[in-house]
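Student: I would like to work through this model with you, one question at a time. Could we begin once it is on the screen?

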Amino acid sequence: MISERIAKLEKECARRGTAGIRGHFQHDLHTAAKTMFQDLPQWEKVACSMAYAVENMEVYVSETDRIGGRVYYNEEAVTDPDTTLDEKNGGLDAFYAAYPEGRELQENQLIGGLAKGHITWFFHRILEQGVSGLIAQVEGLLENPRDAQAAEFYQGVLLMLNALLAFNDKHVAVYRAMGMDELADRMEKVPRYPAENFREAVQSFYMQHIVVMSENPYGGNGPGWLDHYLWPYLKRDLDAEIITLAEAREIIDELFLRINERIFKNDIWVEAIVVGGTNPDGSSGVNPLTYMMVESIIDLDITHPSVYVRLPKDPPEDLVTLCARYMMAGRNRAQILYDPAVVGALVERGTPFEDAVGYGCGGCMEVGVQGMTSDYLYIGWQNASKMLELMITGGVCLRTGKKIEGFHATKSLAAYDDFESFSLISWPKPGG
């Protein structure tokens, strides 16, 4: 059940979401690339334009906030007629002919086009190291870069990390002026420094998330394995008795409402979270946050974030029951993934077990290893029932009677005694 405070926040977030508040990130990004940074080398133009847009984002706050910040996306990225990618006027070829430098700008997201994405980031690094730790790490790499391209990349990263801090500090000043010193104090510490408790960890994650989703607002840049990298902080707080599960639930509820508020009018922009799963040592990754996040998305009257449950081998019976309730009662687009199948498939394709268990889901449900791969693996159409048919028949198409060329199956249905034995998949051991 949600608290009275969260019920009020839900209505408040719905009002803001319906209002369609827009920022000017894309406009600033494109304008900066075409004006103040137009004569810089490509890498520097991209980095400086992006950093400028981040630093100049609006600060959206409310006196009810216990998590600082919001992200809004300006859909009208380019308004200048000579730099608008208009298919009606000849498409990209005509655009490039009239505006030669437009190809470089478009390919680097500096004008028009869709943002690059479908990468589930290593969000936990900012929690563990803080921006200051990341800056120190990059500065160390910059002392002896592999080549010129690496040096340019490291310099661009430093520009962006400092822009993130500048944007965060704008929030600190606003909350301080509003008399919200507790939140201002928290944001003064994180994400600049490592998080030490659950509230700090959530705040550090979310400030980074605002910047990521401003740059890449479409599907595929979701929070990933959120309960996995937040749980150590909550466990520490619970053990020290400085937070209760009820208080933690309110924080998760507010985080989910904030994510949903951004895409209230754009329900196709999926922000996916996976919970549960399997740890790198092969043990179950299910923890109290797993249950809390599933229960939160069931109880809240919202569709995002998309919370997908990863069931480990021999999952707890109460988690299976919760998943059944989620599938039936949750308004969210529930999806359940079975780790032995997904991890097994990744390992079979060459992914080390300890990496494979870190998988998440991207723009809709595409599987990718968090922080290591892009899930942008569209194939147009995927006929799930046909795949099941071929697994049952050993690769023989029932419509044509022909064996599908290139399909490899060790057994056909006749080789199995019952459906249970057919559905069982061998579970790889940790390390391979």
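**A buried loop residue and a helix pair**

Tutor: Asn287 is buried, its relative accessible area being 6%, where buried means under 20% relative accessible area (1.4 Å probe, protein chains only). This is a predicted model, in which local features need pLDDT of at least 70, side-chain atom pairs count only at pLDDT 80 or more, and totals for chains, interfaces and linings use all residues. Residues are numbered from 1 along each chain as its sequence is written, and side-chain values use heavy atoms, with hydrogens and water left out.

Student: Which residues does Asn287 touch, not counting those up to four places away in sequence?

Tutor: Asn287 sits in the loop between strand S1 (272-276) and H12, helices being DSSP runs of H or I with at least four residues and strands runs of E with at least two, numbered from the N terminus. Contact means heavy atoms within 4.5 Å. With residues up to four places away set aside, Asn287 touches Asp227 and Trp231.

Student: How are H10 and H12 oriented to each other?

Tutor: The axes of H10 (residues 226-239) and H12 (residues 288-299), lines fitted to C-alpha atoms over the stretch in contact, come within 9 Å and cross at roughly 120°. Angles run from 0 to 180 degrees between N-to-C directions; under 35 counts as roughly parallel, over 145 as roughly antiparallel, 65 to 115 as roughly perpendicular and the rest as oblique. H10 and H12 are therefore oblique.

Student: Which residues of H12 meet H10?

Tutor: From H10, the residues taking part are Leu226, Asp227, Leu230, Trp231 and Leu234. Their partners in H12 are Pro288, Leu289, Thr290, Met292 and Met293.

Notes:
Buried < 20%, exposed > 50% of the residue type's maximum accessible area, 1.4 Å probe, protein only.
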